[in-house]
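This report describes a single protein chain at the level of its secondary structure and residue contacts. The sequence and model are shown first.

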Amino acid sequence: MVAPYATSPASPPMPGGDPTAVFGRRIVAFLIDSLLLLVPAVLLLSANFEYLEVTQLDRDPQTFCDDYMDDPGGFCLDLSDVNDRVYFSDGGSGGSTVLFWGGSLLLLVVLQGLTGWTIGKLVMGLRTVREDGRVPGIGRAFVRWLLLVVDMLPCIGLVGLITAGTSTGHRRVGDLAAKTYVVRAAAAGSPISLPGTLSAPVPTGYAAGGWPQSPPPPGTASAPSSAGWAAPGASAPPAPTVPAPQWDEARGTYIQWDPAQSRWLQWNEGTRTWDVIPGQ
């Protein structure tokens, strides 16, 4: 059975500070991703453009564009200040729309959900993770993507900027709903611990006032490694003679043997529960 635990009052200082304090880099990563999605779509859309010289128009260029945009499917771009031309199209933009939204789903949902990064985040050294430090998965990434419609209000991303700039963990609305964080790449893979917040329970006897300054000794147990269990077909580690929790350096959390389940468990700080380690 699980031994009794005491709760530490707060997390210890994080090496390198708050792993979510990457607000500036997030903005740059967002701009990179936006350009990667918008530029191909605009190029495809512009392939159908026609143009008129300003001297060929029967009205002011801006008025011409305003009237043209009022027509269903009409698109107009006034570049008269640049090259004395007005570009327009009435052939629709179905291809560019599919390219933009399809690319958005692939980049922000599929790629980010499975790896934790987008191209922008990869360039800026960022990762999107769950509360336990693992990749978010497609479901959570989809929630983040869907709620961009809220975070981008009113058109310049004011809601997302305010929530990410002021909330604990620097989370926008999509992060709060999906229970995700954007962190430095080096912080991914370990439970996200924020300065000033409650940390995981501390095993009784290890440290009365908080986390130990150094990992406790492994005892007599054969602990699993971060790479997983032994090769397929090999037996799992033997049960420890002392079922007390012990620190797993590779996982960055406590593990312990549960005789009732005959399984190794690891502490999940995100859900504050002991979970069975996969692969047993």
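An open sheet is formed by 4 strands in the order S8-S9-S10-S11, with antiparallel pairing. Strands S8 (246–248) and S11 (273–276) stand at the edges with a single partner strand each, so one side of each has no neighbour in the sheet. On average, neighbouring strands of this sheet are turned by 40° against each other, direction ignored; axes here are lines fitted to C-alpha atoms. S8 and strand S9 (residues 253–258) run antiparallel and are joined by 3 bridges, and strands count as paired if DSSP finds at least two bridges between them. Trp247 has Tyr254 in S9 as its bridge partner.

The model is predicted: local features require pLDDT of at least 70 and side-chain atom pairs pLDDT 80 or more, whereas totals for chains, interfaces and linings use all residues. Residues are numbered from 1 along each chain as its sequence is written, and side-chain values use heavy atoms, with hydrogens and water left out.

The chain has 9 helices and 11 strands, taken as DSSP runs (helices: H or I, at least four residues; strands: E, at least two) and numbered from the N terminus. The table gives totals for the chain.

| Property | Value |
|---|---|
| Buried residues (under 20% relative accessible area, 1.4 Å probe, protein chains only) | 36% of the 280 residues |
| Accessible surface (Shrake-Rupley method, 1.4 Å probe) | about 15,000 Å² |
| Part of that surface belonging to carbon and sulfur atoms | 64% |
| Contacts (heavy atoms within 4.5 Å) joining residues at least 24 apart, among those between residues at least 6 apart in sequence | 63% |

In helix H6 (residues 137–146), the residues Ala141, Arg144 and Trp145 are buried. Viewed down the axis of H6, the buried residues fall within an arc of 100°, so they line one face of the helix; the arc is that of the directions from the helix axis to the C-beta atoms. Among the elements covering these residues are H1, helix H4 (94–115), strand S5 (126–130) and helix H9 (173–178).

Arg26 belongs to helix H1 (residues 23–46). Is Arg26 buried or exposed? Arg26 is buried because its relative accessible area is 13%. The side chain of Arg26 reaches the backbone oxygen of His170 at 2.6 Å. Apart from neighbours within four places in sequence, Arg26 is in contact with Leu126, Arg144, Ala164, His170, Arg171, Arg172, Asp175 and Val182. One of these partners, Arg144, is also among the buried residues of H6.

Key: Buried < 20%, exposed > 50% of the residue type's maximum accessible area, 1.4 Å probe, protein only. Polar contact = N/O pair within 3.5 Å; in protein donor to acceptor, adjacent residues only side chain to side chain. Axes fitted to C-alpha atoms, helices over the stretch in contact; angles between N-to-C directions.
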